[in-house]
Amino acid sequence: ITSTNVSLSCISEMRDKLRKWREENYRNSEQIVDVGEELLNEHASKLGDDIWIIYEQVMIAALDCSRDDLAWSCLQELKRQFPDSHRVKRLAGMRLEALERYEDANKLYDSILQDDPTNTAARKRKISILRAQGKSSEAIRELNEYLEQFVGDQEAWHELSELYINEHDYAKAAFCLEELMMTNPHNHLYCEQYAEVKYTQGGLENLELARKYFAQALKLNNRNMRALFGLYMSASHIAASPKVSAKVKKDNMKYGAWAASQISRAYQMAGRGKKENKCSVKAVEEMLESMQITMS
Amino acid sequence: MAHLLLDSSIRLWVVLPIVFITFFVGVLRHYVTQLIHNEKKVDLQQVSDSQVLLHSRILRENGKYLPKQSFAMRKHYFNNPETGFFKKVKRKVIPKNPMTDTSMLTDMMKGNLTNVLPMILIGGWINWAFSGFVTTKVPFPLTLRFKPMLQRGIELISLDASWVSSASWYFLNVFGLRSMYTLILGQDNGADQSRIMQSQMTGAAMAMSPDPNKAFKSEWEALEIVEHKWALENVEEELVCQDLNFRGLFS
């Protein structure tokens, strides 16, 4: 039972936490529900105009945690305050989706789109419904149509790349990731994902591209361990291939060796001051050796 | 240069009231604008077109991060002589005549009503109510040309042009309080007159939409001349010449 004498600083702390989670798009729904529920039940009067956006945030988090009671009460408050809002309608649709009433949700979204054909949120929810129902090829088709009209929607490009990867259509997934890299050239994660797709596609040219983009990801963020391992793997892979010239082989072995030394360095730094350091260093060396691609 | 000593009651009863009047009228204008403002209906085609143009521009600027082939493929999609997007797509353009287009006309009228009219009314009232005396002195010297403009109602030939009447003080306030409005009413507020005047001057800049064909053509030309210079040419060499910085990875 929370006392109603919670200090004002505590309330503002909770508000700041919620705001940070909202602005940085965290998906820690359980925490949001905990903090938000307390804030809304006990201190609703002190929140001012913030309360509506907090209702929205807590409602979505509640849907994530299957708390339909909380979601319903938030939705009622929002409906009462904003009776004709498309934004609130979309939230109502999301609740129907959470209850797996996809037909009703689709009808709701269609009504929004009739009113406002440029409403991107409703279109994206319809695509999510297709995805939830497992109809990936239809979802892919709809998403492609959506992207033809809204070429700049990065969230959508990322979603499409995921769908293609699940369908093992790596060439198209690479295309989507290229779009993302182009619009966010300083984001090391897109470079790394692109490199991974290229590596998966295989073939000498793709491996070279993969190595380049792993290196770029590392350049953008020195601490991306996945990219470091990727660099090691792609460099060793190319070096072990019989079709390459001697110079290329030498270069790639150099890159691979460098990557291996950086990996060992990282593990050494991680184990500093711990007793098991010597054993883990040896384990890393063995791991690197076992990952060597041997010609088969 | 004459050093005049002004009655301190001028400060109390003229300078400050004008500031307050200007400020509150501005706030009032902001709310009135909000009340009679109607939502602009966005056309799907326009949104789509503007995004395509943005996409092409990004391709030009950041294409160097993509592999050569991907860049070529995209450039081809836009600029191919037969099937390129910019060549093929021609939008039907209905030139919007500002005199006959009703929606634009009402918008213009509303703009005039809420901004120009109050300014004229209040300027005139202040000129009538607070006339016949010098209000304040601008801190920099002005030439004699400014005298008739800034010293309405004060018929002194020998008076320095830096001494101004209350009407000029009023106009000074209108522009000066702009940042105060931003502080109190938030960005994009209806009381910001200079912003509105700017948009009236650049007038047809809003009308980028009525002529997407021209925009497409200029984008096509810009894209044609772009060459692909791969930024990743030497990325590995640059990377391996020094150790990685793991600071912050292990806490």
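## Basis

The model is predicted: local features need pLDDT of at least 70 and side-chain atom pairs pLDDT 80 or more, while totals for chains, interfaces and linings use all residues. Residues are numbered from 1 along each chain as its sequence is written, chains are lettered from A in the order in which they are written, and side-chain values use heavy atoms, without hydrogens and water.

## Chain A overall

Chain A has 15 helices and zero strands. Helices are DSSP runs of H or I with at least four residues, strands runs of E with at least two, numbered from the N terminus.

The radius of gyration of chain A is 25 Å; a compact globule of 296 residues would have one near 19 Å. That radius is taken over C-alpha atoms, and the globule rule is 2.2 Å times the number of residues to the power 0.38. The C-alpha trace spans about 75 × 50 × 30 Å along its principal axes. Of the 296 residues, 43% count as buried (under 20% relative accessible area, 1.4 Å probe, protein chains only).

## Helices α11 and α12 of chain A

The axes of α11(A) (residues 188-201) and α12(A) (residues 204-220) come within 8 Å and cross at roughly 160°. Axes are lines fitted to C-alpha atoms over the stretch in contact, with angles from 0 to 180 degrees between N-to-C directions. The pair is therefore roughly antiparallel (over 145 degrees).

Contact (heavy atoms within 4.5 Å) involves, among others, A:Cys191, A:Tyr194 and A:Tyr199 of α11(A) and A:Leu209, A:Tyr213 and A:Phe214 of α12(A). The contact residues divide into eleven nonpolar, four polar and three charged. Ala, Val, Leu, Ile, Met, Phe, Trp, Tyr, Cys and Pro count as nonpolar, Asp, Glu, Lys and Arg as charged, and the others, Gly among them, as polar.

## Helices α2 and α10 of chain B

In chain B, the axes of α2(B) (residues 44-62) and α10(B) (residues 212-224) come within 10 Å and cross at roughly 15°. These helices are therefore roughly parallel (under 35 degrees). Their contact includes B:Leu53 and B:Arg57 of α2(B), and B:Phe216 and B:Glu219 of α10(B). Its residues comprise seven nonpolar, one polar and four charged.

## Positive phi in two loops

Most residues other than glycine have a negative phi. A:Ser66 has a positive phi of about 60°. A:Ser66 sits in the loop between α3 (50-64) and α4 (68-81) of chain A. Its relative accessible area is 67%, so A:Ser66 is exposed (over 50%).

A:Glu100 has a positive phi near 65°. Its loop joins α5 (86-98) and α6 (102-115) of chain A. A:Glu100 is exposed at 58% relative accessible area.

Notes
Angles under 35 degrees count as roughly parallel, over 145 as roughly antiparallel, 65 to 115 as roughly perpendicular and the rest as oblique.
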